[in-house]
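Student: Could you take me on a close look at the place where the two chains meet? I would like to follow it step by step.

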Amino acid sequence: MAEKWLWMLMPWRGCWSSRGKRDGQEEERHVRANDRDYNDKFPYADNHIKTSKYNVFTFLPINLFEQFQRVANTYFLVLLILQLIPEISSLSWVTTTVPLVLVLVITAVKDATDDYFRYKSDQQVNNRQSQVLRGNLQNEKWMNVCVGDIVKLENNQFVAADTLLLSSSEPYGLCYIETAELDGETNLKVRQALTVTSDLGADIAKLADFNGEVICEPPNNKLDRFTGTLYWRDNKYPLDNEKMLLRGCVLRNTDWCFGMVIFAGLQTKLMQNCGRTKFKRTSIDKLMNTLVLWIFGFLVCMGVILAIGNTIWEQKVGRSFSVYLLWDEPIRNNNVVFSGFLTFWSYIIILNTMVPISLYLSVEVIRLGHSYFINWDRKMYYIQRDTPAEARTTTLNEELGQVEFIFSDKTGTLTQNIMVFNKCSINGKSYGDVYDEFGHKVEITERTACVDFSFNPLSDRKFRFHDSSLVEAVKIEEPSVQEFFRLLALCHTVMPEEKNEGDLVYQAQSPDEGALVTAARNFGFVFRSRTPETVTLYEMGTAVNYQLLAILDFNNVRKRMSVIVRNPAGHIKLYCKGADTIIFDRLDPSNQDLMNTTSEHLYEFAGEGLRTLALAYKDLDENVLEEWMKRLLYASTVIENREEGLADLYEEIETGLMLLGATAVEDKLQEGVPETIACLTLANIKIWVLTGDKLETAMNIGYSCNMLRDDMSEVFIISGHTSSEVLQQLRSAKEHILGLSRVSSTADVEKTDEFSDDSVFEETIIAEYALIINGHSLAHALEPDLEQVLLETACLCKTVICCRVTPMQKAQVVELVKTNKMAVTLAIGDGANDVSMIKTAHIGVGISGQEGMQAVLASDYSFAQFRYLQRLLLVHGRWSYFRMCNFLFYFFYKNFAFTVVHFWFGFFCGFSAQTVYDQWFITLFNIVYTSLPVLAMGLFDQDVNEANSHRFPSLYRPGQLNLLFNKRQFFLCTLQGMGTSFLLFFIPYGAFCLAVSDDGSHISDQQAFAVTIATSLVIVVSIQIGLDTYYWTAVNHVFVWGSLAVYFAILFAMHSDGLFSIFPSHFPFIGTGRNCLTQKSVWLVIMLTTVACVMPGLAVRFLKTDLYPTLTDKVRCLQQASRKLRPQEQNLRRVRRTSSRRSAYAFSHQQGYGELITSGKNMKVTASTAGPSPPLSPSSPGRVHNSRSLIESTLKRKGETPVACVSAEAYGTSGTSEGNTRTQQTLMD
Amino acid sequence: MMKEELETANRPDNTAFTQQRLPAWQPMLSAGIVIPGFVLIGLAFIGIGVALFIASQNITVLERDYTGVETVSDCYKCSNPSVKNCTCKLDFSLSNLFEGPVFFYYGLSNYFQSQRAYGASKDEYQLSGDLDYFKTPNSACSPYQYDANNNPIVPCGSLANSMFNDTFKLYQMVNGTKKLVPFDGKGIAWWTDYNIKYRNPSVTPLKNAFNGTVKPPFWSKPAYELDTSDPSNNGFVNQDFLVWMRRAALPDFRKLYRRITEGDYASGLPAGNYSLEIAYNYPVLSFGGRKKVVFSNVSWMGGKNQFLGIAYLVVGSLCVVMSMVMLIVYAKFKFPEDDK
C-alpha cells in the first residue's frame, strides 16, 4: 500500500522543477508559528507541488522547444529548410515534413500523456486532507498548508510537510515514525519534542497562542540533518533532526501529534532529495550515435563526390547541352563551381534517408515494446506481494543483454532479511532435523509436516518448525530444554507490543533476536511484557515475573549479551548468549564434554550456512551480586574510562558459565538465489556482493548462496588498516593467483569454447578464487593509487565480497569497474543505501516490495525477487540485445540499399540530384512500406526460445563481447546495402537501355524506371527481412505481406487518375504503375534483381552457419530437432553447500539497547507504568544514566564505530540517539 | 487457503502475446531447403534466360545513325546549325522481309532528359489545360517562362521547348519509283498520358486559348498547329509531344516515332531498297549528341534486349554453382548435431 501512496508523494519523473526553482539566496529561514503575515514576507514555497511541466497553453511551445533540442529533430528541421530553397530543393518538402511531423506528434502525445498523469498525481497529493490549526482545527488541503502553520497528525497519516514536532500523545513528547519512503527503513524511529513544547499537549488554545520563532538552515536535501533554534518566551532551544517529522514519513503507534511546518512543498527534504535522475544511455545508443556521425560523414563525402561530378559535368557536357537546357543565372556566368556547390546541398537532401528519422522513432518503439514485455512477464511476477516486474526506464533494454558485472546488495536482495529459528542443540542433543522411519534425514521442503503448536494459545502462527521431538522435550518438562527457552525469552532487548489479548508483536532491533524470542514463545516460554525492572513470561501458560537486575549489553568487542534476573523463587541467575568461541572461553571446566558435542553440532549448523549462538547460564549468589552491583553503580558514574570499567566488570561476572546449548538461525535466502547465481556465473557474469554487513555475516551468506565454496582454491581476505597493508595483501593475492593459474591456464582456454555448459562449469571451478575485502580496507583500496591493483586482483577472482561498505563506497566500487573495465555493470539492491550504486551503474535494479521504495525509485528495473534477475538478463536482456542488433543491421542495410541508388543514378543524370524514385515513395518508404516488418522483427523475434536461453547461459556471451552489432557489423551491413543498391540500379539500367514494351512503345522513361527500381527494392528488402526473421508470428506475416500489399495499393492509388485530377502537380506519376507493371519484361527485371540481390547473402549465411556455427546456431538446431520430442529439462546442478565454516557472532546486533530498556525510555505507557518516569533504583545500573548521559554514551560509541559513514559528520553535530544509530547501522546493511 | 486471499490485481495477463509465446513458424536455413532451392532457382533462371535469349535473337533491328558526322553521309550537309530547313536522305536495303509490325524509333544519345532542372522545367497545370497557368506559367519553366516581351510561353519550360522536331518519310524504291510507306502515328504515347495527364483547354477553337501567349522559341509552329489535320492529335495531346514529354531515364534513349501497320506493309517491310527522307531540324552536334533511326519488331517480352537473357543465364548459373559449393561444404563440414 505504501508504494502506491508514494507515487503520489513523490512523482519521480518530474523532479526537475525542484532544482530549477531552487532559491539560492536563502541563507537562513525564519518561521514564526501561527503568524501568517510574518511568514508571508519571505518567499517560502507553499505546499503545492507541481511536477507537471506544461499546461494547456504552454504545452505546444515548450514541448516543441524541447523536442528540437534533440539533434535528430533539428537535423531534419535543417533539411526541411534546405528543401524550401528552390535552387537546391531536389525533393519536395513533403518528404521530410511528413515523417518529421509524425515523429513530433507521436512524441508530443507521449509527453502530454506522461505530463497528464503527473498532473493527476500532483492533484491527488495536493488535495489530500490534513488538519490545520487556524484558530481552531480545520481540515485543509495539503496544498494550502503553509510554512508556520500548526498541523495535527494522527496515527498512520502521512506527514504533509517538514514539520517541527511540538507535542504528542505519548509521554516525553515522543512519537514514532516510519521513514520507509525516505530512506527505505521499515523499522520505527523515535522523534521527541522539546520539553517546553510537549507541555502544550493537545490544548488547542495554547497551541494557537504558540508564537515561537524557528531560525534554521535553508532547504537542503540532507535527510538526516537539521539544525535550527527555537526562540520562545525569550529562551533559545536548539533543534535537531530528532525533532523533525519529514514529509513522506508516516506516523505510527502514536495517536496524535502536533507539529509546526518549517519547509513546505518543493522545499521539503523529500522533494529536495529526488534529484534529477542521470540520463543513462546504452552502449548501443552511443554506437548508434557514432555510426550516425559516420554516416553523416559518408553522406558529406558522397555529396562532395557528386558535387565535383556535377562541376565536371557542367564544364564538359552541360555547357554544350545548354542549347536545350538554358543555364540559370549564376551558372550562365560560367560558374560551374557554384553549380557544384548547389548540387552538394541538393544531394545532401536526397541522401539524407541514409539516416532516416524513423530510425530513432523505431528504436524508441522497440525499446518501449521490450519494456512492456518485461512488465507483462508473469514469470517475473511475484504473487506473494502482487508485484509485477517493472521496466521503469524504457531506454536500457538491450544493455541487459550485455551485462558483465553484477553488484548486489545482500540484505533484502540475496536474503529476505527474515531470520528463522532453524535448529538448536540443547544439552548435547541436536534438534531440528527430520528423520524418516528408517532413520534417514529428510530434506525439509514446503510440504514437510510442521510441528503443531496449538497447545500454546500465544504461539505465533507463522512460526514453523519441523522436528516434533523438541516439543515433546518441552512438554515433558526437561529442565535443560526449559532453561534453554527461558534464556531465549529473557536475554534480549526485544520490546513486546500486545494490541489485542494474545496478539503479540515483537519489536526487535535485529531480526535474529526476534527469531529467537519468537521461537521461545512458540515453545511455551512466551515473553509477554516488560517494564524497566521486570520481565513477564508465560511459561507453559502460567505467568512468571522475573525481576530484571541488569542487562550486560552487547557490543562488537564483547560479542555477547547477558541479563541478570531474579526469578519468583528468589534465585538469581545470569543468562548469557553470544558467539560460540567467546562463550566457550568462559565456561566452567565441568562443561568440557558438553562443549565438545555442542561444538560438533555448531560445526554442523555452520556448515549449513546457519548463524549460530551459544547459550549459557550461571547461578549467582545474592551477596556476590550485591557487591558487584555496588561496583557497577560506582563504575557507571565515573567520568573517566567508564566504558572500560563497565566492560571489566561484565567480564568479571560472566565467568564460570554453564553451557546450555546453541541456536542456529537461518538467514533466509530469497528463493532460488544459489541457482540464479550459479546460472549467471555460467553466463560469465561476475557477481560482486557489496554489503554493509560484518565480514562474518557476509561470508556466511557467501557460502550459503554458493559464491564461496570450500573447494575454492583460495579465499583472500583483505582487512588491512593502512594503505600499505592493503596494497601488500592485494599484491600477494594477485601474485598467488597468477602464479598458480599459469599452470592450468592453457587447459582452460581450450575448454572455453566447448559446447557444453558442464565444461564451462568445470572450467570455472578449476581456478576459483574469492576476494573478501573489509570496509576499512576498501576505503584505502579505493584511493587512486591502489584502485588499479584492487581492480586487477578482484577481476581475477570469481567471487568478490565487500563488507562493511558505506553507500558511497558501493558507488565508488561500481564506478571503478564501470570506468576501467569498459564493461556493462548492473547494480541490484533494495534499500536506500543502494541508491547511490543503483544510480551509478549502467543498469540499476531495485527489489520492490521489501523495504520502502527508495531503491526502486532510483532504479531502472524493479522486481520482487532476486531470482528474476536471471530471466531479466538471460531472456529479456538477451532477446532485447539480439533484436536491437538485428534491427539496426537490417535498418542500415535497407536504407543504404534505398539511398545509394541515387548515387549511381547521379552518373546518368548529369549529377543533377534527380531522384530515382517518386517523391512519394521516398516519403513513405521508411515510414510505411518497410517500417512495420522491421518493427515486428525488433519486437517479436526470438533466435532461441526462453527455455534454451536459461539452459545455455553461454548464449549470453555474444552480448558481453558485443558481437552482434559493432562497427564491423555496421560495415558489413552498409556494404551489403551498397551492393544491393548497385544491383538494384544496374540490372534495370542494363535492361532499360533499350527496353521497349510488347506493343512497341518505349518504357525506358524516368517514371517506369523509378517504379521498377522501387518495386524491386521493396520486394528485396521484404525478402531480406523474411530471411532475417527467425520467429515468424502471425504479426510478422501480417506486417510483411501487408507491407507489400500496401506498397502496391499505394502505388496504384498514387498513380491513379483520380488523385491526379485533384492535384496534378503532386502526382505526376499517373499511369506509370499500370503501364509499367503490366509488362512481362519489367517483372522479369524485378525478379532478376531480387534474386541477384538476395542469393549472395543467403549463400554466405548458409556457408557461415555450416563452417563456423555459433552456439546460437547449434542451439537453434537442437531446438528444431527436439521440437517433436519434449525437451528434457536439464536442471542446473544444484550444489549442496558443503561448508565447514564456523560462523561467529554474525548477528546484526547493536549496542545501546540494554540501556534503553533499563532506562525505560522506550517503554510504551502501560497501565502499570503510566505517569512520570519510574523512580531510580540502585539495583538497575543501566538506569543510572539519565537521558542526557544516554545521549553522551551513544555519542561516544559513535566514535568507536569502525566504519566511517557518509554522513558521519552529520551525526557528530546533531544530537544522536538510538534512532540515528539504527539508521546508520541499517544503512550499512 | 492462503493463495486465495492473495491480491492479484497487478498480475499480468496470461496471453500468448504478453508472455511472448505467440505461435510462430521458425524456419531454418537447413541444407535440405537451401541447396535444392538454389538448384531450382538456378535451373529456372537458366530456362528463362534461354527463352529470353532466343526471343531476343529472333527480333530484327535496323539502326542507322543520321547525325551526319561523317562527310560521306548525306546528312552531313545539314549538320551545320546555320543551315535551315535542310532535308537529307538515308538509304538502306532489306534482303529479307522485315517482319511486322515494324516500329520506327528515333534515338538520341548523350542527351540528358534525366537532368533534374530539365525534367522539372514544365508546368503540370498548364499541360492539363488550366488556363490560369497559360497567363502565369510555373516559375520552374524559367528561362522559358516568359519571352523577352514578357509574354507567357505555352507550353513553357525547357522540356517542351526542346521537343524533337525532325520529321521522317519512308519510301520503298519499287522499280525506280518511290512508294511511300504509310506511318501510323496513333497510340504511340501512353493511353494515360493521352487521355488523362495532358488535356487541352476546353476552348474551341483551340487557337483562342493561346491568345496572349507565345510558342516556345525553338518551335516552328505553335502548339495548336502541331497537327491541324486531326484535332484529337493537336495541342497538348499531340502524340509526338506526349512521347517527348515522357522523358527518358538514361542519356541514351530511343522514342517511338511511328508504327508501320498499314496497307502493304502490315505484315512487315518486304525485301528491297528503302529511302528515308529526313527533315533535319534538330541540332545535337553542339553537345556531342547523336541521332539515329531504328526499325524494330517485338516479341512477347518486348524489344530486342540481349542483356536480360544473358543476365538471367549468368545469375542462374551462379545459383547452380553456389549450390554445388554449398553441397560440398555441407557434406564436409556439417556439424554433428545435424545427424539426427
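Tutor: Let's begin with a term: a salt bridge is a side-chain nitrogen of Lys or Arg within 4 Å of a carboxyl oxygen of Asp or Glu. Across the interface of chain B and chain A, that rule finds 1 salt bridge. Its partners are Asp1005(A) and Arg246(B), whose closest N and O atoms lie 2.7 Å apart.

Before we go on, a word on the ground rules. This is a predicted model, in which local features need pLDDT of at least 70 and side-chain atom pairs count only at pLDDT 80 or more, while totals for chains, interfaces and linings use all residues. Residues are numbered from 1 along each chain as its sequence is written, chains are lettered from A and ligands numbered from 1 in the order in which they are written, and side-chain values use heavy atoms, with hydrogens and water left out.

Back to the meeting place. Chain B brings 98 residues to the contact and chain A brings 106 residues, where contact means heavy atoms within 4.5 Å. Together the two chains bury about 9,000 Å², and 64% of that is on carbon and sulfur atoms. Buried area is the accessible area (1.4 Å probe) that two parts lose on being put together, summed over both.

Polar contacts are found here too: 26 residue pairs between chain B and chain A, with both residues at pLDDT 80 or more. Such a contact is a pair of N or O atoms within 3.5 Å; within protein, one must be able to donate a hydrogen and the other to accept it, and residues adjacent in sequence count only if both atoms are side-chain atoms.

Which parts of chain B touch chain A? Several elements each supply at least two residues, among them helix H2 (31–57), strand E8 (253–260) and helix H10 (306–333). Helices (H or I, at least four residues) and strands (E, at least two) are DSSP runs, numbered from the N terminus. H10(B) gives the most to this side of chain B, with 12 residues. By class, the side has 58 nonpolar, 21 polar and 19 charged residues. Here Ala, Val, Leu, Ile, Met, Phe, Trp, Tyr, Cys and Pro count as nonpolar, Asp, Glu, Lys and Arg as charged, and the others, Gly among them, as polar.

Finally, look at strand E36 (residues 1032–1033) of chain A, which pairs with E1(B) in the antiparallel sense over 2 bridges. Two strands pair if DSSP finds at least two bridges between them. In this pairing, Thr1033(A) stands opposite Ala24(B).
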